[in-house]
Amino acid sequence: MSTIIDGKAIADKLTKSVAEEINLIKKTNSGFVPGLAAVLVGEDPASKVYVRNKKKSATSVGMEALDYYLPESTTQKELEEYVRKLSEDVKIDGILVQLPLPAHIDQEKIINVINPDKDVDGLHPYNVGLLVKGQPRFVPATPAGVQYILSESGIEVVGKHVVICGRSEIVGKPLGLLLIQRNKNANATVTMCHSRTENIRNITKQADVLIVAVGQQNFIKADMVKKGAVIIDVGTNRIQDATRKSGYRLVGDVDFENVKKIASAITPVPGGVGPMTIAMLLKNTLESAKRKNLVFD
Ligand SMILES: NC(=O)c1ccc[n+]([C@@H]2O[C@H](COP(=O)([O-])OP(=O)(O)OC[C@H]3O[C@@H](n4cnc5c(N)ncnc54)[C@H](OP(=O)(O)O)[C@@H]3O)[C@@H](O)[C@H]2O)c1
């Protein structure tokens, strides 16, 4: 029987420590109020929920959370101008542009406008470059959360074969870069799989730690997993559920019920990686505010 990793408890503990640190700094520096701005373009319901939850969490730890809801019709130029203004605003320490953006917006151009010192999502090429060079500053929140879950759960990845399914810019790719860093929570041997990978089952079967970020329900089945492997399920898929008030529920990418019988540890969905994302974003914003205010550990 595997251990079910309680990502919510780990995230709550981290959020609490962020709140405590902010309180402590405020005692000697009363003007210290980390500011986190979120920009949402359009009406995507899942993004709205995320931005709302983020605001609630940021406020609860003593940050100022500013949300900007822009209409779907916002042009590239208008959005660039918006993000540029936030980049120059001294009250703002972290900028989050909620992705995906509407199809008529060039996402990469928008990310490039974010001040890299406030890029708490770690998507600006400057921060990606630092990660590649082994000097990570802001690491995207979800991969950082996965690494944190592993270390907090006492799961060593040093020298282990970590297989990541998915190579997106926000999850798979930065996670692979993070886990090959030369440090005690990394030093893994990483294999990255994607939609063109041949014989994926042969590869996932070799994983000591299998991390899945594909976005397909039941993508990983029990016969794709080595006995005793650790399974981290990043996938978040909405499926219809008439028994719920909302009409849907969330499931991951892993066939949880069958895979948990052979894994040594596994994250559930919901309650696994999901809660870590906001906690890590808060941590990144605190680090940014500390740097601006010259507060050193
Ligand atoms: N928990 C959280 O906070 C959080 C945060 C972010 C994302 N997520 C969830 O994580 C999942 C992935 O998100 P994402 O943004 O990384 O997704 P994405 O950008 O759509 O990337 C999906 C990746 O899966 C790969 N893939 C698709 N079909 C495959 C197949 N049959 N075999 C192997 N690989 C396949 C794709 O390969 P190609 O590159 O070849 O197309 C791509 O690299 C989603 O469910 C998302 O909701 C959760």
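The side chain of D233 reaches the backbone nitrogen of D253 at 2.9 Å. In this predicted model, the side chain of D233 also reaches the backbone nitrogen of G235, at 3.1 Å. D233 is placed in strand β8, which comprises residues 230-233. Which residues surround D233, apart from its neighbours within four places in sequence? The contacts are with V212, G252, D253, V254, T267, V269 and V273. D233 is buried yet takes part in no salt bridge, and the nearest side chain of opposite charge, that of R249, is 11 Å away.

K290 forms a salt bridge with E21, the closest N and O atoms being 2.6 Å apart. This pair links distant parts of the chain, since K290 belongs to α10 and E21 to α1, 269 residues apart. K290 counts as buried, with a relative accessibility of 3%, while E21, at 24%, counts as partly exposed. Salt bridges with shared partners join E21, K290 and E287 into one network. Helix α10 itself spans residues 274-292; its 19 residues reach 29 Å from the first C-alpha to the last, close to the expected 27 Å. After α10 comes L294, with a positive phi near 55 degrees.

Helix α3 shows how burial can be arranged around a helix. This helix, residues 76-88, has 13 residues and reaches 18 Å between its first and last C-alpha, close to the 18 Å expected. Which of its residues are buried? They are Q76, L79, E80, V83, L86 and S87. Seen down the axis of α3, these buried residues fall within an arc of 125 degrees, so they line one face of the helix. They pack against strands β2 (35-41), β3 (64-70) and β4 (94-97), and against helix α4 (107-113). On the other side of α3, K77, K85 and E88 are exposed.

Notes. Residues are numbered from 1 along each chain as its sequence is written. This is a predicted model: local features need pLDDT of at least 70, side-chain atom pairs count only at pLDDT 80 or more; totals for chains, interfaces and linings use all residues. Side-chain values use heavy atoms; hydrogens and water are left out. Helices (H or I, at least four residues) and strands (E, at least two) are DSSP runs, numbered from the N terminus. Buried means under 20% relative accessible area, exposed over 50%, partly exposed in between (1.4 Å probe, protein chains only). Lys and Arg count as positive and Asp and Glu as negative; His and the chain ends are not counted. A salt bridge is a side-chain nitrogen of Lys or Arg within 4 Å of a carboxyl oxygen of Asp or Glu. A polar contact is a pair of N or O atoms within 3.5 Å; within protein, one must be able to donate a hydrogen and the other to accept it, and residues adjacent in sequence count only if both atoms are side-chain atoms. Contact means heavy atoms within 4.5 Å. The expected span of a helix is 1.5 Å times one less than its number of residues. The arc is that of the directions from the helix axis to the C-beta atoms.
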